[in-house]
Amino acid sequence: PHVHGSESTQKIMRDVLLALTPALVFSVVAFGWSALAVTCISVASCVLFEYLIQKFLLKGPCTVSDLSAVVTGVLLAFNLPASLPWWIVVIGAFVSIAIAKMTFGGLGKNPFNPALVGRVFLLFAYPVQMTSFPMPANGAFDALSGATPLAAVKHGVAPDVLGVQELLLGNMPGSLGEVAALALICGFVYLLWRRVITWQIPVSVLGTMAVFAFVVALASGSTGPVLWQFPLFHVLAGGALLGAIFMATDYSTSPMTVRGGVIFAVGIGLITMCIRLW
């Protein structure tokens, strides 16, 4: 019964980092070097906090070499605006590692995704800074903040006005990891090819969101192109792809069976759409 594969935590985390690289490149192109600075600060802080906690509090073996803290740092950064002050990034990293991960015993024992816990904490603690998104402008953001596509739709802008191309290529305000849908899809294909994740959870999350949006559009009397534009918008906009591909599939916090994973994913899709629409 004890069959061992060649995979290791470090190997899996390295693949996840490679899958996140296209989105990181896109964010740097869109927002300039500040996007890279936020990511580096987040990663360095996460690694440092995990090392210090293990060395001086838990006094156990150091596991930062497994790269899980690096992945948490990148995912946290992808949930933050490029204009966020560095000290807020450090606080988010502390909450992610010290509270959401190490309090429960470290990797594999955390009940929630550490990066998401850090993001939620920062959203409550610093709502103004966390919802002030810089406008992409020729590789550098200007001083003005713009509404994200989801916020624009909330204020009455039609989804088709924003354009699928802009959603795919990240020519819009938003967090680092949500502005380039095409880059995230590339990462998804890579993770499937490397067999790091399976397709059921991401496809179930996004499929549920699309069907929900289609039914809502149909019920509201929409016809023609809107019937496909509205579902496509919700799949591509916001952090849907980032969450479905890189967070809902987290080994520690997702079900181990296919059926359980699908139920879990459908629940995520339903709750996401309820929050977005109402």
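At 75% relative accessibility, Arg195 counts as exposed, a class that requires over 50% relative accessible area, whereas buried means under 20% and partly exposed lies in between (1.4 Å probe, protein chains only). Arg195 is found in the loop between α10 and α11, and its phi is near 60°, a positive value in a residue other than glycine. Helices here are DSSP runs (H or I, at least four residues), as strands are (E, at least two), numbered from the N terminus. A positive phi is also found at Leu67, where the angle is near 70°, and Leu67 belongs to the loop between α2 and α3. Most residues other than glycine have a negative phi. The model is a predicted one, in which local features need pLDDT of at least 70 and side-chain atom pairs count only at pLDDT 80 or more, while totals for chains, interfaces and linings use all residues. Residues are numbered from 1 along each chain as its sequence is written, and side-chain values use heavy atoms, with hydrogens and water left out.

Aromatic pairs were assigned to rings of Phe, Tyr and Trp (its six-membered ring) whose centres lie within 6.5 Å, with planes under 30 degrees apart counted as stacked, over 60 as edge-to-face and the rest as tilted. By this rule the count comes to four aromatic pairs. In one of them, the ring centres of Phe49 and Phe94 are 5.3 Å apart and the planes stand at 80°, so this pair is edge-to-face. Because Phe49 lies in helix α2 (residues 33–58) and Phe94 in helix α4 (residues 86–99), the pair ties together parts that are 45 residues apart in sequence. Phe49 is buried, with a relative accessible area of 18%, while Phe94, at 39%, is partly exposed. The rings of Tyr190 and Trp193 also pair, and since their centres are 5.9 Å apart and their planes at 55°, the arrangement is tilted. Tyr190 and Trp193 are three residues apart in helix α10 (residues 181–193), and are therefore separated by about one helical turn. Tyr190 is partly exposed, with a relative accessible area of 22%, whereas Trp193 is exposed at 63%.

A nonpolar core was defined as a set of buried Ala, Val, Leu, Ile, Met, Phe, Trp, Tyr and Cys residues joined through side-chain atoms within 4.5 Å. The largest such core holds 73 residues, of which Leu75, Leu80, Leu176, Leu191 and Phe246 touch the most other members. Helix α1 supplies the largest share of this core, ten residues. With contact taken as heavy atoms within 4.5 Å, and neighbours within four places in sequence left aside, Leu75 is in contact with Leu20, Ala115, Leu242, Phe246 and Met247. Thr72, found in helix α3, counts as buried at 8% relative accessibility. Residues up to four places away in sequence not being counted, Thr72 touches Cys46, Ser96, Ile97, Pro114 and Ala115. In helix α1, which contains Pro22, this proline is partly exposed, with a relative accessible area of 28%. Pro22 and Pro61, 39 residues apart in sequence, are 33 Å apart in space, C-alpha to C-alpha.

Pockets were identified on a 1 Å grid over the protein atoms alone, a pocket being an open set of points where a 1.4 Å probe fits, with protein on both sides within 12 Å along at least five of seven lines, and lining residues having an atom within 4 Å of a point. Grid points are joined across faces, edges and corners, and a volume is the space filled by probe spheres set on the points. The largest pocket has a volume of about 1,500 Å³. Its lining comprises 42 residues, and those closest to its centre are Leu116, Arg119, Gly239, Thr272 and Ile275. At least two lining residues come from each of α5 (114–125), α7 (149–154), α11 (200–219), α12 (226–236), α13 (240–247) and α14 (258–277), and α14 gives the most, with seven residues. By class, with Ala, Val, Leu, Ile, Met, Phe, Trp, Tyr, Cys and Pro counted as nonpolar, Asp, Glu, Lys and Arg as charged, and the others, Gly among them, as polar, this lining has 27 nonpolar, eleven polar and four charged residues.

The second largest pocket has a volume of about 420 Å³ and is lined by 25 residues, of which Met13, Val71, Leu107, Asp250 and Tyr251 lie nearest its centre. Helices α1 (9–31), α3 (68–78), α5 and α13 each supply at least two residues of this lining, which divides into 14 nonpolar, nine polar and two charged residues.
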